[in-house]
Amino acid sequence: MDIHEYQAKERFRAAGIPVPPGEIARTPDEAQALAEKFGGMTVVKAQVHSGGRGKAGGVKLAKTPADARAYAADILGMEINGLTVEKVLVTTAEDIDTEAYVGVLVDRKKQAATFMVSPEGGIDIEEVAHSNPEAIRKLTVDPRYGLLPHQAYWLANFLYEDPGLAKQASKIVGQLYRAFVDSGASMAEINPLITTPDGKVKAIDAKMSIDDNELFRRPEVAEMRDSSSEPPAETKAREASLSYVKLDGAVGCCVNGAGLAMATMDLVKYYGGEPANFLDIGGSSNPEKVVSALEIITSDPKVKVILFNIFGGITRCDDVANGIVEATKRIDIEVPIVIRLTGTNEEKALEILKDAGFSAYTSMDAVVEKAVELAKA
Amino acid sequence: MAIFIDRDTKLVVQGITGRDGSFHTRQMMEYGTQVVAGVTPGKGGQTFDGPDGTTAPIFNTMDQAVAETGANTSVIYVPPPFAAGAIMEAVDSGVDLVVCITEGVPVLDMARAHAFARDHGVRVLGPNCPGLISPGKSKVGILPAQIVKEGPIGVVSRSGTLTYEAVFQLSNVGLGQTTCVGIGGDPLIGTNFIDCLEAFENDPDTTAVVMIGEIGGTDEQEAAAWVKANMSKPVVGFIAGQTAPPGRRMGHAGAIISGSAGTAEEKMKSFEDNGISVAERPADIVGLIQDALG
């Protein structure tokens with residue numbers, strides 16, 4: 001789960017990281033009032049779960065409260081990568097001497113939290129890792145000991161030669177690790193970490209992703225979810241415990257298992273179609289789940305055909321077939337449905353489906369070809 | 001022969017009294033797996049009733065279960081909040097292999113559990129995996145036994161049903177398996193592709209290997225390089241997720257393209273560059289294995 005910059009900054013402040021004051025505005029009036037409260041120059045920043053906010057015109061420097069109001073009016077309602085901006089962060093503008101990068105994420109290869117720091121801030125760290133790897137210092141945190149003070153200092157010393165700045169940065173690195181662990185994050189990033197002319201180190205941007213598997217034990221973090229920034233169908237899927245990702249094609253896919261679901265989407269493309277979604281319905285034959293899945297898939301007006309691809313293992317195919325027949329009786333579906341079932345008791349399942357009037361297949365290729373053909377009809 | 005589990009596997013089920021744990025324990029017992037004990041804290045002294053009058057004693061702790069029964073393998077069906085703890089308890093109990101089926105374990109919990117297992121030299125499979133099966137010998141986990149068949153093919157995969165798909169197709173043309181291993185869909189897993197490939201290379205009964213990967217991470221790329229350098233047996237590979245958009249998690253916690261890294265294209269290219277035959281579709285796997293075996 002991604003959280004907004006302002007939410008990540010709240011977590012950072014709680015951990016002690018110096019973050020300039022800032023608050024959320026939902027209207028131009030609120031933005032103006034905040035700018036007046038802070039005094040001086042402010043920055044108005046779109047709060048959406050997307051990179052490239054600056055390039056899209058979603059970040060503006062306001063000289064006066066009237067400017068802040070005008071910029072907020074421009075930015076609120078703006079679309080950035082398909083997401084509508086509903087909130088802006090109004091924050092004080094800082095004088096910047098230098099910009100650096102500090103980030104920590106779970107490294108899959110090292111199987112532990114790993115820091116990356118670079119004196120080149122305000123940049124795409126992945127880009128720097130490719131083009132100029134010497135500009136990055138990395139450190140993997142041993143999960144048994146956590147981040148040790150001398151390790152934080154070692155990272156900070158790569159950023160600043162000045163001992164005063166390095167000392168401040170060392171403290172911030174330690175605080176960032178704390179915020180990362182206490183939030184159950186998979187990634188936390190300060191980009192840029194700035195120095196000011198009066199010798200202060202501050203975090204002026206913040207980014208954090210939370211490990212979804214942590215949310216059960218961190219209700220205060222789970223509350224930060226902003227459902228307005230995801231397609232409604234994805235919210236509904238999450239509430240129904242279905243794994244769903246909306247795409248742009250016409251072939252609605254309903255598959256059991258994540259790997260098979262991806263392979264099904266790939267095969268749709270192979271036969272010249274485009275998948276409308278990724279959807280993993282899980283391993284049960286429960287008609288309730290099938291109903292939810294069908295409602296989610298058909299809420300997308302682009303869907304021209306629904307393709308079931310189910311492997312019946314522990315849950316037998318005939319049970320799954322009965323579940324599908326039962327579910328389709330409960331809701332009206334206007335687009336054709338094609339079904340492929342394979343595995344244990346597949347012959348029995350085919351009979352059940354054919355008796356109920358469905359086109360049923362055992363071959364994955366045959367059913368996908370058929371679905372693509374129907375989507376183009 | 002087989003890898004990791006065989007007829008000598010003596011299994012403890014952690015979470016044996018839960019819904020999934022009890023269901024799958026019966027399935028494993030029916031298949032012939034030696035389930036020698038179960039562990040559920042607070043239920044020690046009770047007895048688990050398996051199929052056809054078989055039973056297994058239940059203990060409060062892994063330590064007791066291993067001491068009393070000589071178990072050498074554990075499988076975990078406990079809920080996510082307790083899974084990492086269960087793994088570490090199993091590692092501490094002296095078993096050689098710990099298989100964690102549980103999906104949804106916090107990643108930072110797993111960072112600790114994996115470090116603990118490495119320190120103790122104990123193999124962990126998973127989490128978020130279907131387990132493994134050595135046809136005709138033993139099954140540990142949730143793989144459907146009906147679709148496997150004894151034979152010479154090794155199968156290793158990050159996925160569940162996609163593996164079943166491939167295994168079913170192999171079995172249907174008479175190509176049985178030595179062992180089918182599901183390594184799991186999480187970002188931090190214990191046993192990885194290379195561990196399995198190495199075991200299959202050293203297993204005299206395995207003649208060819210099917211390797212099923214997906215988007216996210218670099219495990220497949222490293223495995224491909226390992227195959228080129230170390231493997232004498234043919235390997236056929238498939239990668240799921242060619243149409244997955246970047247930055248989105250495709251069901252599995254580990255199936256995500258981060259930035260430009262971990263794409264299906266990159267993995268398939270790495271397979272090709274290292275002499276692994278790439279199946280474009282799942283249906284092509286069988287043909288490629290037949291070609292490889294001549």
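Me: Helices here are DSSP runs of H or I with at least four residues, numbered from the N terminus. In this predicted model, what makes the residue that follows α9(B) worth a look at its phi?

Reply: The residue after α9(B) is B:Gly294, and its phi is positive, near 70°.

Me: Which residues of helix α9 of chain B are called buried, and how do you know on which side of α9(B) they lie?

Reply: In this helix, which spans residues 284-293, the buried residues are B:Ile285, B:Val286 and B:Ile289, the term being kept for a relative accessible area under 20%. They cover an arc of only 100° around the axis, and therefore they sit on the same side of α9(B). As for their surroundings, the buried residues of α9(B) pack against β10 (150-157), α5 (161-172), β12 (208-214) and β13 (235-240), which belong to chain B.

Me: Why is A:Asp365, in helix α13 of chain A, called buried or exposed?

Reply: A:Asp365, within α13 (residues 364-376), has a relative accessibility of 11%; because the cut-off for buried is under 20%, A:Asp365 counts as buried. Leaving aside residues up to four places away in sequence, A:Asp365 touches A:Leu267 and A:Tyr271, and also B:Arg281 and B:Ala283.

Methods: Residues are numbered from 1 along each chain as its sequence is written. Chains are lettered from A and ligands numbered from 1 in the order in which they are written. This is a predicted model: local features need pLDDT of at least 70, side-chain atom pairs count only at pLDDT 80 or more; totals for chains, interfaces and linings use all residues. Side-chain values use heavy atoms; hydrogens and water are left out. Buried means under 20% relative accessible area, exposed over 50%, partly exposed in between (1.4 Å probe, protein chains only). Helices (H or I, at least four residues) and strands (E, at least two) are DSSP runs, numbered from the N terminus. The arc is that of the directions from the helix axis to the C-beta atoms. Contact means heavy atoms within 4.5 Å.
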